[in-house]
Amino acid sequence: MLGIVLATHGQLSNGLKDSAEVIIGAVSNTETVNLNQGDDIQELGQKIKQAIQQVDKGEGVIVLTDLVSASPYNQSVLVVNALEGSARETTFVIGGVNLPMLLETINHQLIGTKADEQMIQSIVAQGANGISLWQAADTAADMDDEEEDDF
């Protein structure tokens, strides 16, 4: 089974996991790691390492972090670089997590997909597709266009 680790600042990882469980139901083989104010960065790395080891069932691990180049991301990269053998090759770190990315990752877990580049691309794409902008002015412009079509 695919392993999932959420490593974020504050309690974001717990909130994302909780939100996913509201939508999908109970989530398995998923660990959260939180970096709270005043926490030691080296200890964060150890927590991430433990979480990866706990969820690694031989089919890969996806580590989802909140910010690229921030402490949870950097520590995740350091931990993965130190892994040996197939664990290193099948553990991926993705920065910029959002709920659609997590749901896509859980879907891959549920259908039994092994971690590979194609899966990573679909997770990242789902995260990007989950971002949208709506503004009331856009709606007014669309309504004006529809009215013109009536003539």
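Helices (H or I, at least four residues) and strands (E, at least two) are DSSP runs, numbered from the N terminus. This is a predicted model, in which local features need pLDDT of at least 70, side-chain atom pairs count only at pLDDT 80 or more, and totals for chains, interfaces and linings use all residues. Residues are numbered from 1 along each chain as its sequence is written, and side-chain values use heavy atoms, with hydrogens and water left out.

**View 1. An open, parallel sheet of four strands.** The strand order is E2-E1-E3-E4. Two strands count as paired if DSSP finds at least two bridges between them. The edges are strand E2 (30–35) and strand E4 (91–95), each pairing on one side only. On average, neighbouring strands are turned by 15° against each other, direction ignored. Such angles run from 0 to 180 degrees between N-to-C directions; axes are lines fitted to C-alpha atoms, for helices over the stretch in contact.

**View 2. The pairing of E1 with E2.** Strand E1 (residues 3–9) joins E2 in the parallel sense, over six bridges. Leu6 has Thr32 of E2 as its bridge partner. In general, strands of a sheet pair through backbone hydrogen bonds, either parallel or antiparallel.

**View 3. Helix H2 across the sheet.** H2 spans residues 41–55. This helix lies across E1, E2, strand E3 (61–65) and E4. Its direction is about 175° to E2. Contact here means heavy atoms within 4.5 Å.

**View 4. A nonpolar surface patch of about 530 Å².** Val22, Ile23, Ile24, Leu110 and Ile111 make the patch. Patch residues have over 30% relative accessible area and no salt bridge; like charges are joined within 9 Å, nonpolar side chains (Val, Leu, Ile, Met, Phe, Trp, Tyr) within 5 Å. A salt bridge is a side-chain nitrogen of Lys or Arg within 4 Å of a carboxyl oxygen of Asp or Glu. Areas come from the Shrake-Rupley method with a 1.4 Å probe; for residues, only the protein chains shown count as cover. Helix H1 (12–24) and helix H5 (99–111) each supply at least two residues. H1 gives the most, with three. Leu110 belongs to H5 and is exposed, at 58% relative accessible area. Exposed means over 50%, buried under 20%, partly exposed in between.

**View 5. Positive phi at Asn29 and Ser69.** Most residues other than glycine have a negative phi. Asn29 has phi near 50°. Asn29 sits in the loop between H1 and E2 and is buried, at 16% relative accessible area. Ser69 has phi of about 70°. Ser69 lies in the loop between E3 and helix H3 (71–82) and is exposed, at 54%.

Key
Buried means under 20% relative accessible area, exposed over 50%, partly exposed in between (1.4 Å probe, protein chains only).
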